[in-house]
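Morning, everyone. I'll start with a question.

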Amino acid sequence: MTEFTVGELAIPPEVGAEGWSDFVAMTDVRNEIEANIVGTDELAFDAEELLPRWLDPIDRRRLFVARLDGRIVARSTYEFTDDDDIAWITVEVLDRASGQGVGSALYSFVFDVAKVQGKRTFQTEFYARVGEPGPRIPSPSGFGSVPAESVGSRFAIRRGYDLEMVLRYSRLALPVDADVLARHLAEARAAAGDDYRVIRWTGRTPELWLDDLAVLHGRMYTDAPHGDLDMGDEVWDAERQRAHDEMDAQSPRALVVSAIEHIPSSRLVAFTELTVPPERGRPIAQRDTLVLSEHRGHRLGMLLKVDNIEAVTKAYPGHPSITTTNAEENSYMLAVNEAVGFAPMAYAGVWKYVLD
């Protein structure tokens, strides 16, 4: 039996602080594992880009690793808030350390930590390759499936988890044909009419829009598809939005936001975010996108998507692609993505287990 150790990794309070080298090593492991599964390194992030989210005082995270001969070979994230009984636990193991009980030991360790903290609903996510052969497990939402024999599916099923939904990771090769963007933008503007206009900013949210953007972020937990997953009660206000912006400001990535104002009410009713790494050879990442349910049916999703793609590629030329993630049941946004040119690059099953 190979000897390995499992334990918690302290999150450094800033870049270069005590524990930074371990955090960088963990990030390298994360990137290698996900690249091996997905088949590309386009979902990779640098440690400097990941650190701000690990320091979020509300959506809290704890990090655990397994070491073999002193080197990190696996990691587990435990995400939670103090206000509910929900734990998000992920486990990732390097190929060279698989089959040795590392993942099982790491999961059991973190599961017990969460259980001691009173968590009773456990949710997790595992990647799956595009076109992976063999029998499939259909999503109970009726949209998408995952391979039954993948490492992630077998790991989840053995521990009593049920599949709840499927995510699609997609990639848009850049640059997009300007005529395609112009056509979609013109059609979306015509459908939206005179009651809606696009506004845009980079970095921190303008003071004028803090309250509205906080509402939009809060509605991500109610208006976006989540299947039967438990998302908890997220309270967003202007103060939390400011803190969220401050975290983004600590990252070397540039944040580009497009939003839509409903002119009769002078309120924001939709938004989308792109984060741009400083190196031109790396992909741009799509983050949250939402159109409030009461304002759907005006092609605002397409208007947002195309406007932000056009803006970011003009301001930050030379990046190879944009990556994004959507629930398979979010058929409208997937149709928007496909029309623009996004293609699937990976899938993920999201699983749930409720402790008796």
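Which residue stands opposite Thr324 in strand 13? It is Ser170. Keep in mind that this is a predicted model.

Let's stay with strand 13. It covers residues 321-327. Of its 7 residues, 6 are buried, so the strand is mostly covered by the under 20% cut-off for relative accessible area.

Now its partners. Strand 8, residues 162-173, pairs with strand 13 in the antiparallel sense. That pairing has 7 bridges. Strand 12, residues 284-291, runs parallel to strand 13. Here 2 bridges join them. In this pairing, Ala285 stands opposite Thr323.

Next, the loops. Go back to strand 8. Between strand 8 and helix 5, residues 178-192, there is a loop that holds Pro175. The peptide bond from Leu174 to Pro175 is cis, with omega near 0°.

Which residue sits in the loop between strand 2 and strand 3? Asp69 does; strand 2 is 60-68 and strand 3 is 71-80. Asp69 is not a glycine, yet its phi is positive, near 55°. Asp69 is exposed, with a relative accessible area of 74%.

Then Ser266. Find it in the loop between strand 10, 254-262, and strand 11, 267-276. Its phi is positive too, about 60°, and Ser266 is not a glycine either.

Terms used:
Residues are numbered from 1 along each chain as its sequence is written. This is a predicted model: local features need pLDDT of at least 70, side-chain atom pairs count only at pLDDT 80 or more; totals for chains, interfaces and linings use all residues. Side-chain values use heavy atoms; hydrogens and water are left out. Buried means under 20% relative accessible area, exposed over 50%, partly exposed in between (1.4 Å probe, protein chains only). Helices (H or I, at least four residues) and strands (E, at least two) are DSSP runs, numbered from the N terminus. Two strands pair if DSSP finds at least two bridges between them.
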